[in-house]
Amino acid sequence: MKILVTGASGFIGSYLMKYLSRNHIVHGLSRSKKSQNVFQISLSDKQKLAKHMKKHKYNVVVHLAASLEESMPLDMFIKNCISTANILECCIETNVTKVIFSSSQLVYGKSEYLPIDEDHPVNPTSNYALSKLICEEICKMYHNTYGLPIQILRLSSVYGPGQSPKYIIPTMMINSINNKDIEINHYKNGLQLMDFVHVKDVCKAISLACKSKSKFGIYNIASGKPITANDIADKISQIIQIHTISTSIDRETNHLFYDISNAERELGFKPVVKLEKKILKEIYKSIVLKR
């Protein structure tokens, strides 16, 4: 199988390139990096994108690339929504047999019941989440119009070594290294239920979706196991001394964890990596090595 991965130099993309390369021919697209198997092509340049895809004749496209810049909604719309339409249009033109689209848990917005399944109402509350939902609708349009097989994966909170410092686990570790307090109230007084999935499990889910015979599907990709910020802080304290404080109590918290039974049944997905001491040590080591 010959696979094209957009966003190949990102956190998930860099893991996925290595994961898929074990059994497939894999090329990547990136705005910022270029290497032997990663091509520097803008997804907004449809002509150049189509030329590349016609030349290499891909079987599957995994679309991970996305802008997260909330303060620039027009730029986000172009990079996320227009680029998604460009990718799908090129897939039709070049006879790609399957597309995997990386969506987000954020399309759900505030939870109305738990665990959240794929039938839960969608109500995005950020520009990024809205752009992801629009992209999902664009995917549906291309599937309905052309019969293009598409799998939409709604990823929960992805974690692992090499993740951006702005996310909760590396933030807690970096603050601890710098002897700074961890303000648990930033995470709903530490009691908000969240759902974290390791990047290796995400790669496995994408690989399974690539091989799926389903013509169209929307799947939650998560651990299905709720955890709080307090739980994470306790686990991190096993490998590094931390000090947490709470300056306020937020009674109205939005709990988020997911029903993954559809992905288990239809894709054969079963997360195996647990958020435990060994995994946290790997993340901590990656942070220390960058300092």
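The model is predicted: local features need pLDDT of at least 70, side-chain atom pairs count only at pLDDT 80 or more, and totals for chains, interfaces and linings use all residues. Residues are numbered from 1 along each chain as its sequence is written, and side-chain values use heavy atoms, with hydrogens and water left out. Helices (H or I, at least four residues) and strands (E, at least two) are DSSP runs numbered from the N terminus.

**Surface patches**
- The nonpolar patch consists of L74, F77, I78, I82, L130 and I134, which together have about 500 Å² of accessible area.
- Two or more residues of this patch come from each of helix 3 (73–93) and helix 4 (127–146).
- L74 is in helix 3 and counts as exposed because its relative accessibility is 62%.
- K34, K48, K51 and K55 make up a positive surface patch.
- K34 sits in the loop between strand 2 (25–30) and strand 3 (38–40), and is exposed at 66% relative accessible area.
- Patch residues have over 30% relative accessible area and no salt bridge; like charges are joined within 9 Å, and nonpolar side chains (Val, Leu, Ile, Met, Phe, Trp, Tyr) within 5 Å.
- Accessible areas come from the Shrake-Rupley method with a 1.4 Å probe, and for residues only the protein chains shown count as cover.
- Buried means under 20% relative accessible area, exposed means over 50%, and partly exposed lies in between (1.4 Å probe, protein chains only).

**Salt bridges**
- The whole structure has six salt bridges, each a side-chain nitrogen of Lys or Arg within 4 Å of a carboxyl oxygen of Asp or Glu.
- K79 pairs with D75, with the closest N and O atoms 3.2 Å apart; both are in helix 3, four residues or about one turn apart.
- K79 is partly exposed at 31%, as is D75 at 23%.
- K140 and E137 form a salt bridge at 3.1 Å, N to O; they are about one helical turn apart because three residues separate them in helix 4.
- E266 and R265 also form a salt bridge, at 3.8 Å from N to O; E266 is partly exposed at 43%, whereas R265 is exposed at 56%.

**A buried charge**
- D195 is in the loop between strand 8 (182–183) and strand 9 (196–198).
- D195 is buried but has no salt bridge, and K225, the nearest side chain of opposite charge, is 9.5 Å away.
- Beyond neighbours within four places in sequence, D195 has contacts (heavy atoms within 4.5 Å) that include S156, S157, K225 and Y258.

Methods:
Lys, Arg positive; Asp, Glu negative; His and termini not counted. Charge placed at Lys NZ, Arg CZ, Asp CG, Glu CD.
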